[in-house]
Structures are given as structure tokens and as C-alpha cells.
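My notebook is open, and I want to see how the inside of this protein is put together. Come and look along with me.

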Amino acid sequence: MPTTVCTAKASYKKAPGVLELTDTHLQWTQDGKKAPSVRVAHADATSLFCSKEGAAQVRLKLGLVNDDAGHNFTFTSPQAVAYSERETFKAELTTIISRNRSGTIASATTKAASSLTPLKTGPTATAPVSRASTSRAPSVGSDGRTPILQGTDAASDFRLRKKVLLSNAELASLHRELVIGSQITEAEFWEGREHLLLAEAAAESQKRGRPGQLVDPRPQTVEGGEIKIVITPQLVHDIFEEFPVVAKAYNDNVPNKLSEAEFWKRYFQSKLFNAHRASIRSSATQHVVKDDSIFDKYLEKVDDELEPRKHRDEVSDLFINLGATLEDHGETGNEKDVTMQAGRQRGALPLIRKFNEHSERLLNSALGDVPPPKRRRTDDGGDQNDYAQIDLDDLRDPEASTGIVLDMQDRQRYFEGQLTRGAAEQEPGRQVVCISEQGIDARSVFVEIRNNLSDWEKHFGQLKVERKSGDAALLSMTQNVSARLDVKTKKTELPPDLFRQLTTCQTAANEFLRQFWTAIYPPSTELQTVAVATPAQKAIKAAKMASYLSKTGEKVAALVRAAQLEGVDGNRIEVAMKPILDAVNHALAFYSTRNTKVTKVA
């Protein structure tokens, strides 16, 4: 009989039930039934998704082999209990998925080795296998074909990685040196860079909106003085959408009265086309354009009156309705004068309203077909209802980062010592407030503050600020800015090949440092990777990165010798690489101390 690992109340497809994880399966049973409705073997689990901490519903999604949709479960216990239960399932399922991936990679390696066995006739055949087995440490998802992001297939994930590398030359160079050079694995390289892939995926999935430019075909003059306008299907679609009257004329006359080519030729020579152009000079052009018996029927009266011909929909939200208080002062008169007119020049009014209508169409296309909401009643709910209208979810932080808790020994003694030392340094002749094991004597502190504040007006009047200090600070800042400007304007005097080697050494060391500290400290919970590495895998990775970092000093020494051979002062190279060497030495010292503590405990 299977052993139960953990259970929790959870709903599946809005039906309540019980979620249970055994040593062989994950199963969900609906309330009132004995047989489980969902039953998933451990070997079928491939990915795991979880809702963010603090979300309204605590959810868990399990991806399956050949089924990225998987199963979604919602924990129905109280918020705190549901979150604890979800974390228990998450920890157990993460271990299962990691074991599944490790087994898949191991089986693939075994098959590849067995297929190469008959060809093992010399050192040439065995070299690739031995190099692959020793150059890379075991890690979660080390196969380059394994997706980095959960819920994406291998082909889409590979395309995202490729696009990110093509758009970032420095990152592509680092990837070529470290991953293709078999120093780190593909999954290790992208660990901590998932945000780049997510940003690229979001850019791909973003729907392209309508162009903001007003439809205004520009005629082109060709040889012989003829005017030509290139008509494309997209241009026809934009004209019909921007000017519905043209679409109506097209449906009324094509193909019965006019052919399509003749329709467009006559349209671009008609007064209707000049009326639609986004220029105030188009009204003057209409006087020299010949009459057209077909298109002149669709001409509309020029919208140049004080009130627009097309009234806009009433704004339902009083917080964004700029005309909501228009009738508040009826007793004093609110007739529009010349300062309240839309345009001083009457000929500009049609163009201004045309731009406004175009902008409104753009907004409506972005919002979609949403029915206009009913006017909210401001007398219901009072201040609470008013506040609800401006309380936007986008302005709230859904999840605040808690950071890493600093664990200190004798924290109280540390801060008390800092306070005592600071007080002694500031005023050596003054008696320091007594600090006992119980803390600070509050009464003595208040007495000292009161004595210090006595006759403060008299002392404040005698205060004199020396100009010498201000001048010195200003001079120091000016010299700092000047030095920074000189550094930016000066060109590097290093040979290009040597400068490239310095840059490569520094970027590689920075990447090894990033990989090292990622293996030492807990990962960020904001992004879900393929699988979470086990402590043993992290220890192996940290040891490998420490071995790479230990060779940084030798590389810098080699660069110093190469610089001296090319006539460059070696001290300049040492100064340039000193920050990265300090960071490497700090990481190596931390790793050595950490291993020493682990050995003593063992």
C-alpha cells in the first residue's frame, strides 16, 4: 500500500476535494467519492508553478510529460494554512522533478556511451566521451535542450535564448567563451538571467496596436510630371477604417459603376480626398479641384462651428471629467467667450477635431469593444466610494521582497559598543552615558539632552560658519568632476588585442563570481527555474567555480607579462584588475573559511 507523504484540502476545476501525495503518485479525490479523479505518477512530473506570496488564492500547477497545461490545484484552507500546505507540496514535488530530470540526463548519457562503444578503437573515439564526463559538473537541467523557463517547449525556449544573445553582443561573447568552451553548462549560464528571457517572451507576445499616424497618403511625382500614389491592401484597410464614408462609396460604386482602379484614381483627384487630408491647406486645394459627380455626393459640411457636429460620449467618471463643474456657477453666467473657443482661426477647427477623433479611435481600439459604463452615483458610499475610484491595483506592490535575514551573535552588545565608541569619539571630555547590561539609562540621556539645549539661542547667535570649509568642498567636487570628464574623453592607450584580453578576463571572472555566490546563497523566489538544485549539487558547483576563480591571479599575471612585452607599464594592468582580484580573493577566503567550519563540525 502506498505511503502518504502529505495531504491538503484543495479544489480542482472549482470542485472541492483532497490533494494527496504518496511515494508513487500525486492524486486528487473529489469530496464524496472514493476513487481519485486525478492520478499522476512521479515519473510524469516535469515542471512546477506556484502563485506569488500574498496572492488572493494559493495555487499550484503541475506540468506533465507531453502536456504543458498539466493540472491546476487551489488550496482551500485558510490563507496561512493553505500557504504552509502549498510549500510542503512544492518542496516534495521539486525533489521529484529534479530526480526525474537527473534520471533522464543519466539515461541519455548511458545510451550515448553504449552507442559509442563499438567505435572505441583508439584515442580519437574516447576523447569526446572523457572530456564531456570531466569538464562539466552535475547540475540540474545541464542538457542544452532542456527549457530554462517553465511552461515553454524546447524550441521556443531556444529561440528566446538565441534572440537575447543576438541582441546583446557582450552576453553572446561571454556565452561563447564559457558555455561553448565547456566551462559551465547552459542552465548555469542562464540561472539568474531568467528575467531577460521573460522580457523577450513578453515582447513577442505583445500585440501590436494601430499606428498613431493619421492616414494621409502622400502623392509622389514621377517622370513626365505625373502624380503617383502606391495603393497597398494595408492602406486601403486604413482608409476604410479612418474614413467610413469612403468605404460606403466603395460598396455603392464598385464594381457596378466603377472598377477598383478607376475608383481610387477618381477618389485621389476628388474634393473628398482633399477634405480628408491632415493639412489646413487642403481646404484651399478644394477650390482648384474639379467636381466629381460620384464623390461629391459623399462630401460633408465643414465642421467649423463653435460646437462640434459630433458630440462626444458623456464621461462617466467624475474624477477625470474636466467639464464636471461647468454648471456650478450658473447664477454668474458661464457663456463661452473668445478664450474658451477651440480655435481662434476658424479654418483650424476641422483639423483639430479630426485629430481628436483619430486619437479617440486609437484609444477605443486599444481598449476593445467595451460597453460604456453607467454613471456612478456619488451619493452612495460617501468618501469610501470616492476613494475606491482612485485606488488602483497597479499602484500597489503585490509582493515586497523580504531580503535575507542577517543572523548576528550578541547583537545587543554590538550596537551598545558602537554607541559607546561613537559618543567617546565625538566628545572625549564629556562623561559618556552609562550603559549597563540591561541597556541605556533613559533618565541620564534626557538630563544630558536638556543640559545641552540650555541657552541654545545664545549659542546659535554666536555660530559662525567658516568659508574655508565650503570653498574646500566646492574645489574637491570640481576636481572630481574634472577628473571624471578627463577619463571619459581620453582614449585608451592600450593595444586593442591586450584590451580585449583584459575585458575577456574581467567578464569571465565576474561570471564565475556570480555562479559562485549563486551556489552559496539561497536563490531568489521571484523567478521559477527548471528545477531547484540540491545541496550536493550546489556544493559541487561552488567547488568548481572556486577552482576557476583560483586561476584568476595566474591569468592577470600573464596579462601583466604580455603588456610588458608590448611596451605597456605592468602597473597599469595591475591597477585595472585590482577590483576584480579583490573580489576573487574575498570569495576564495570565504570559501576556505566555510569549508574549515564544515570540516570541524563533521
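I looked up the largest nonpolar core first, and it has 39 residues. Such a core is a set of buried Ala, Val, Leu, Ile, Met, Phe, Trp, Tyr and Cys residues joined through side-chain atoms within 4.5 Å; buried means under 20% relative accessible area, exposed over 50% (1.4 Å probe, protein chains only). Phe189, Phe512, Phe516 and Ile573 have the most contacts inside this core. Helix 18 gives the largest share, ten residues.

A note on my source: this is a predicted model, where local features need pLDDT of at least 70, side-chain atom pairs count only at pLDDT 80 or more, and totals for chains, interfaces and linings use all residues. Residues are numbered from 1 along each chain as its sequence is written, and side-chain values use heavy atoms, without hydrogens and water.

Next I picked Phe512. Leaving out residues up to four places away in sequence, Phe512 touches Leu178, Gln183, Ile184, Met545, Tyr548, Leu549 and Lys555 (contact: heavy atoms within 4.5 Å).

Leu178 took me to helix 4 (residues 169-178), where Leu171, Ala172, Leu174, His175 and Leu178 are buried. Helices here are DSSP runs (H or I, at least four residues), numbered from the N terminus.

Why do they sit on the same side of helix 4? Because they cover an arc of only 160 degrees around the axis, taken from the directions from the helix axis to the C-beta atoms. On the other side, Ala169 and Glu170 are exposed.

Last, I checked what the buried residues of helix 4 pack against: helix 3 (154-167), helix 5 (186-190), helix 6 (194-205) and helix 18 (496-520).

Key: Helix = DSSP H or I, 4+ residues; strand = E, 2+ residues; numbered from the N terminus.
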